[in-house]
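Biologist: I've got a model open and I'm a bit lost. Can you walk me through it?

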Amino acid sequence: MLALRWHGREDVRLDDVQAPQLTPLLDALIEVELCGLCGTDLAEYRHGPGMIRMSPHPLSGQQPPITLGHELVGTLVEGSSPDGTITPGMRVTVDACLRCGTCAACVRGDYHRCRYGGSIGLHSDGGFARHVAVPGACLVAVPDSVTDRQAALTEPFAVGLHALERGGLRTGDTIAVLGFGPIGAATALVAQALGAAPVVVELDPLRLAAAQRLGLTVVEGGEDVHRRVRAAVGGGGADVVVESTGAAAVVPQAIECAARGGRIVLAGLPSRASEIDGRRLTLFERSLVGSLGYRHDCPRILALVDAGRLDPSAIVTDVVPLGEAVELIQRLAGGPGTTIKALVAIGDTP
Ligand SMILES: [Zn+2]
Ligand SMILES: [Zn+2]
């Protein structure tokens, strides 16, 4: 089968590989229909290895070249979920967290903090191929009412939901989302689905326009952005600020966008160290927290879609066949242009 594999920085290839073998860890086989391209995949292409390790992963034993792709939807062909409720023939997506299941974090249910953790599509072969082997524990059933395009976006939207939870989102809170890439867009739309009215901050005019088209309130990023955010949300700043740009210079700005007692969530992985004035936290009793992936959030996203409260496919701008995935990555590595979220159609690939 054809697989989009990461060989090294600026080196991804469409390789002809063997179909995956099931292992004690990767004990479920999925036939993939669609797989989303994540900012992480692009980061690994441009600057990697970042999250990818060059030695065998302690859980999967795999190392590069590795098939990318962790935002997938398809049909379960073999294996089942541990509780036996998800069985072959069912449409599934995955919670991409590899986990040991026995460390202190895993036992608490915080499997996204597993000390041996990793991700499908970075630390085990992923979904940019017709077949992918995943842990049965990672399977998530897709309701019939949810389309493939919506289901393929479950994972990035779960990242947005988790970020809002890390921000302690409460009813009536004001929210500012910095950045309107895939994660910022997902966070803003989830906040909207939960009944909030998020303000989106973005520098890029094309992305600002895209956010506006989705009915979101937008504010232009850049210098003195906190003044514009305060004006937009009132109350001296937002109760919850989600930073999704990953730009180190934006972290201090994100702090200034928060109200007294506000919570600032770093959902983007900062590109380098940021200089933070601790007084700007203490004197306003603001909290600054990190947010990593998600935990138990994928079924909750699918429930919101099933209920008609959320349409993740609204952010899809590009769908290309697997044969064009290398060119897609090369193009997006040079800048997003009009792309918010790109999906790769695997369905017709041999
Ligand atoms: Zn991702
Ligand atoms: Zn663990």
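Biologist: What's the relative accessible area of C100?
Modeller: C100 comes out at 22%, so it's partly exposed. That label covers what falls between buried (under 20% relative accessible area) and exposed (over 50%), with a 1.4 Å probe and protein chains only. Bear in mind that this is a predicted model, where local features need pLDDT of at least 70, side-chain atom pairs count only at 80 or more, and totals for chains, interfaces and linings use all residues. Residues are numbered from 1 along each chain as written, chains are lettered from A and ligands numbered from 1 in written order, and side-chain values use heavy atoms, without hydrogens or water.

Biologist: And C103, buried or exposed?
Modeller: C103 has 10% relative accessibility, so it counts as buried.

Biologist: What are the protein donors of the zinc ion (ligand 2)?
Modeller: They're C100 (SG), C103 (SG), C106 (SG) and C114 (SG), sitting 2.3 to 2.4 Å from the zinc. Donors here are N, O and S atoms within 2.8 Å of the metal (3.2 Å for Na, K and Ca), and with no water among the atoms a site may look incomplete. In sequence, the spacing of these donor residues is C-x2-C-x2-C-x7-C.

Biologist: What makes the arrangement around ligand 2 tetrahedral?
Modeller: The angles between its four donor atoms are 104 to 119°, so the arrangement counts as tetrahedral. Four donors get that name if all angles lie between 85 and 135 degrees.

Biologist: OK, which protein donors does the zinc ion (ligand 1) have?
Modeller: C38 (SG) and H70 (NE2), at 2.1 to 2.3 Å from that zinc. C38 is in the loop between β3 (28-36) and α1 (39-47), while H70 is in the loop between β4 (66-67) and β5 (71-78), so the pair ties together parts 32 residues apart in sequence. Helices (H or I, at least four residues) and strands (E, at least two) are DSSP runs numbered from the N terminus.

Biologist: Are those two buried or exposed?
Modeller: C38 has 10% relative accessibility, so it's buried. H70 is buried too, at 4% relative accessible area.

Biologist: You mentioned β4. Which sheet is β4 in?
Modeller: β4 belongs to an open sheet of three strands, ordered β2-β1-β4, with antiparallel pairing. β2 (11-16) and β4 are at the edges with a single partner strand each, so one side of each has no neighbour in the sheet. Strands pair if DSSP finds at least two bridges between them, and β1 (residues 2-8) and β4 are joined by two.

Biologist: What stands opposite W6?
Modeller: That's I66 in β4.

Biologist: New topic: what's the strand order in the sheet of six strands?
Modeller: β13-β12-β11-β14-β15-β16, an open sheet with parallel pairing. Its edge strands, β13 (217-220) and β16 (287-290), each pair on one side only. Direction ignored, neighbouring strands there are turned by 20° against each other on average.

Biologist: How many bridges pair β11 with β14?
Modeller: Four, between β11 (residues 175-178) and β14 (residues 238-243), in the parallel sense. One detail is that I175 has V240 in β14 as its bridge partner.

Biologist: And which strands does helix α7 lie across?
Modeller: α7 (residues 225-233) lies across β11, β12, β13 and β14, running at about 155° to β13. Angles go from 0 to 180 degrees between N-to-C directions, with axes fitted to C-alpha atoms, for helices over the stretch in contact. Contact means heavy atoms within 4.5 Å.

Technical notes
Tetrahedral: all angles 85-135°; square planar, octahedral: opposite > 155°, others 65-115°.
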